[in-house]
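Here is a short briefing to read alongside the structure. It looks at one helix and then at some charged pairs.

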Amino acid sequence: KLLVAVTALALMSSNAFAVVPEDVKGQSYEVAVSALIEKGIITGDTDGSFHPDSELTRAQACTIIVKAMNPPVDFSKTTNTNAFKDLTGYGWAAGYISYAVKTGVTNGYPDGTFRPGNPVTLNELLTMALRAADYSDEKLGGTWPSNYMTKADELKLLDAIPAPLPDKATKWMAAEITYSLLDEIVAAKIIPAKVQQVMSKVTDLASNYAKKLDGEFGDNHAALMASGQGRD
């Protein structure tokens with residue numbers, strides 16, 4: 001009886017968190033929004049709506065992407081002020097922004113600001129999401145933002161967004177993109193940028209020595225390093 005009662009309560013709790021806002025029902029992004037709400041990655045507004053067409057700020061975009069990464073700390077309960085000088089009033093997002101910067105998901109500006117209240121562009125949002133999924137600048141090559149837009153196109157992340165592509169990203173776009181990449185984001189091993197740099201040097205050394213080894217043994221090592229599994 002106790003097991004049945006606990007199971008029933010768990011199901012009731014799960015359904016409570018899976019409530020879909022009325023302005024999302026029947027839309028192409030309903031599945032994405034409802035799934036992310038259930039996981040606590042995004043939330044509706046206090047009026048019970050989601051306002052899917054509202055533009056997203058850089059602070060909001062960071063928060064969504066970092067929550068999708070399932071970080072080891074609940075940043076909503078921290079008082080991290082970050083190194084940026086323009087986060088006054090954004091205490092709720094400071095921890096998420098700090099984590100996003102430390103893990104290489106995003107950057108601030110050369111003047112020491114993050115500009116958290118600026119509308120996030122579609123290019124910026126896609127870049128954050130793809131970096132969280134372990135698609136780094138080094139892996140993609142090329143120049144920003146075309147390298148990330150090309151990868152987004154390859155992964156069909158842009159299929160749900162009607163042409164012409166907008167400059168600014170909306171809430172529903174953030175939900176759709178994050179949901180599409182969620183498995184890859186969760187699976188990615190997010191490593192701080194400084195550690196990534198050391199790993200790259202070690203990997204390059206291993207690759208160079210593998211190429212100098214003779215015979216099949218050397219060939220196998222060179223192939224392993226070239227495949228990307230050698231990095232792991």
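Helices here are DSSP runs of H or I with at least four residues, numbered from the N terminus. With that in mind, note that this is a predicted model. One place to start is Gly104, which follows α4 and has a positive phi, near 80 degrees.

**Helix α4**
- Helix α4 covers residues 91–102, and its 12 residues should span 16 Å at 1.5 Å a residue; the end C-alpha atoms lie 17 Å apart, which agrees.
- Its buried residues are Ala93, Ala94, Gly95, Tyr96, Ile97, Ser98, Tyr99 and Ala100.
- Among the elements covering these buried residues is α3 (58–68).

- The structure has 8 salt bridges, one of them joining the side chains of Lys171 and Asp45 at 3.5 Å, N to O.
- This pair links distant parts of the chain, 126 residues apart: Lys171 belongs to helix α8 (residues 171–187), while Asp45 sits in the loop between α2 (30–38) and α3.
- Lys171 counts as buried because its relative accessibility is 13%, whereas Asp45, at 33%, counts as partly exposed.

- Glu154 pairs with Lys151 in a salt bridge, with the closest N and O atoms 3.0 Å apart.
- The two residues are 3 apart in helix α7 (residues 146–154), so about one helical turn separates Glu154 from Lys151.
- An α-helix has 3.6 residues a turn, so residues three or four places apart point the same way.
- Lys151 is buried, with a relative accessible area of 17%.

**Another charged pair**
- Asp134 and Lys139 also meet through their side chains in a salt bridge, at 3.1 Å from N to O.
- Asp134 is partly exposed, its relative accessible area being 28%.

Key. Residues numbered from 1 in each chain as written. Predicted model: local features only at pLDDT ≥ 70, side-chain atom pairs only at ≥ 80, totals over all residues. Heavy atoms only, no water. Expected span 1.5 Å × (residues − 1). Buried < 20%, exposed > 50% of the residue type's maximum accessible area, 1.4 Å probe, protein only. Contact = heavy atoms within 4.5 Å. Salt bridge = Lys/Arg side-chain N within 4 Å of Asp/Glu carboxyl O.
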